[in-house]
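Please examine the sequence and the model shown here, and read the report below beside them.

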Amino acid sequence: MIEKIQQYLEEIENTTAKSKDELEQFRLRFISRKGVMSELFDSFKTIPNEQKKELGAKLNVLKQKAEAQFQSLIEQINDSNSKEESGSIDVTLPSFKSDGTIHPLTKTRNRIIQIFERQGFSVAEGPEIEDDFHNFTALNFPENHPAREMQDTYFITKNPDTLLRTHTSNVQIRLMEHGTPPFRSIMPGRVYRNEAISARAHCFFNQVEGLYVDKAVSFKDLKQTLYHFSKEMFGKDTQIRFRPSYFPFTEPSAEIDISCFICKGDGCKICKHTGWVEIGGSGMVDPNVLEACGIDSKEYSGFAFGMGIERITMLKYRIGDLRLFSENDLRFLKQF
Ligand code: PHE
């Protein structure tokens, strides 16, 4: 029996467990009542009394060793499991629910993109830091012409001029100078103008411009496209109206008004009691702009329009102060 105990002691000391199965096997053999211990205690009963003291002590040592080893095996297995866990990240798990919401301007931008995509427009983007040619000259702004002052520009360098784009029309030029018609794209993006910050103006804001150039594009295509947009964006009863205007890059040019969807034309504070609210500018692309981009203006014509994303968002959600969009106040943002 003493030999057996010695043998088991060695076996216990040499046991390692790499898996829960191996741990369970150890438990069944050395801890459980049905394992080797019960066998040893059974034979303990049959040995002569004078040997019982010495053997009993040895048996107890064996039992304690088995239990201590069992505990340390459990710890080893837990350790290696947690190492595995921290080493491999399950990227398919759902993320923690965050406090964030989609910014109202992003919401409007996404909705605008969706409406125009359904009419066959793609989305084009371009640089915010631009040269004079793409922001002004190619858009038919003559050198030293006061029209350049319509948009108070932030210059980065002078001669040659680099500047923060004052509109996303630069993307129209970049699209046309590198491709061949037809073009049918919208250009959402941030623009900059040196204006005093107030509830109604900011030195940076977002625009979405649109361009459609093909053979025989006419003003009625412009009207229909914007009419459809207005009904989708502001409700199916929305009416649209064009007022003559001036932009260097379009001829003829027009401001786009929609019927006031708040008072339905009765007159309210938002529409200043006129029944109409302005949402942007538009017109037929000036032949000079097409030619500056290497497009034959006798063969092709096009329309363009531009709208402020802040303006549309303010109308849609009745927001009274433009500054709220860039102040990151969670009390405001959480409402969207
Ligand atoms: N680029 C003009 C602006 O920022 C908007 C516009 C675009 C007007 C296209 C007409 C046609 O003021």
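Predicted model: local features only at pLDDT ≥ 70, side-chain atom pairs only at ≥ 80, totals over all residues.

Residues are numbered from 1 along each chain as its sequence is written, and side-chain values use heavy atoms, with hydrogens and water left out.

**Domains**

The protein chain is divided into domain 1 (2-88) and domain 2 (104-333); such bounds come from an automatic or database domain assignment. Taken over C-alpha atoms, the centres of domain 1 and domain 2 are separated by 80 Å.

**Helix H3**

Helices (H or I, at least four residues) and strands (E, at least two) are DSSP runs, numbered from the N terminus. A residue is called buried under 20% relative accessible area, exposed over 50%, and partly exposed in between, with a 1.4 Å probe and protein chains only. In helix H3 (residues 36-46), the buried residues are Val 36, Met 37, Leu 40 and Phe 44. Seen down the axis of H3, these buried residues fall within an arc of 100 degrees, so they line one face of the helix; the arc is that of the directions from the helix axis to the C-beta atoms. Lys 45 and Thr 46 are exposed on the other side of H3.

Asp 42 and Lys 45 both lie in helix H3, three residues apart, which is about one turn of the helix. An α-helix has 3.6 residues a turn, so residues three or four places apart point the same way. Asp 42 is partly exposed, with a relative accessible area of 45%, while Lys 45 counts as exposed at 60% relative accessibility.

**Salt bridges**

Side chains of opposite charge can pair when their charged atoms come close. A salt bridge is defined as a side-chain nitrogen of Lys or Arg within 4 Å of a carboxyl oxygen of Asp or Glu. By this rule the count comes to 15 salt bridges.

| Salt bridge | N to O distance |
|---|---|
| Arg 29 and Glu 11 | 2.7 Å |
| Asp 42 and Lys 45 | 3.6 Å |
| Lys 215 and Glu 299 | 3.3 Å |

The side chains of Arg 29 and Glu 11 meet in a salt bridge. Arg 29 lies in helix H2 (residues 20-31) and Glu 11 in helix H1 (residues 2-14), so the pair ties together parts that are 18 residues apart in sequence. Arg 29 is partly exposed at 34% relative accessible area, and Glu 11 is partly exposed at 28%.

A salt bridge also joins Lys 215 and Glu 299. Lys 215 lies in the loop between strand S6 (204-214) and helix H8 (219-234), and Glu 299 in the loop between helix H9 (287-292) and strand S10 (301-308), so the pair ties together parts that are 84 residues apart in sequence. Lys 215 is partly exposed at 49% relative accessibility, and Glu 299 is partly exposed with a relative accessible area of 37%. Elsewhere, salt bridges that share partners join Arg 241, Arg 243, Asp 257 and Glu 278 into one network.

**Ligand site**

Around the ligand there are 14 residues, of which His 167, Ser 169, Arg 193, Gln 207 and Glu 209 come nearest; a residue is near if one of its heavy atoms lies within 4 Å. A polar side-chain atom of Glu 209 lies 2.8 Å from a nitrogen atom of the ligand. For His 167, a polar side-chain atom lies 3.1 Å from a ligand nitrogen atom, and for Ser 169 the corresponding distance is 3.1 Å. Taken alone the ligand exposes 320 Å², and the protein buries 92% of that; accessible areas come from the Shrake-Rupley method with a 1.4 Å probe.

Key
Polar contact = N/O pair within 3.5 Å; in protein donor to acceptor, adjacent residues only side chain to side chain.
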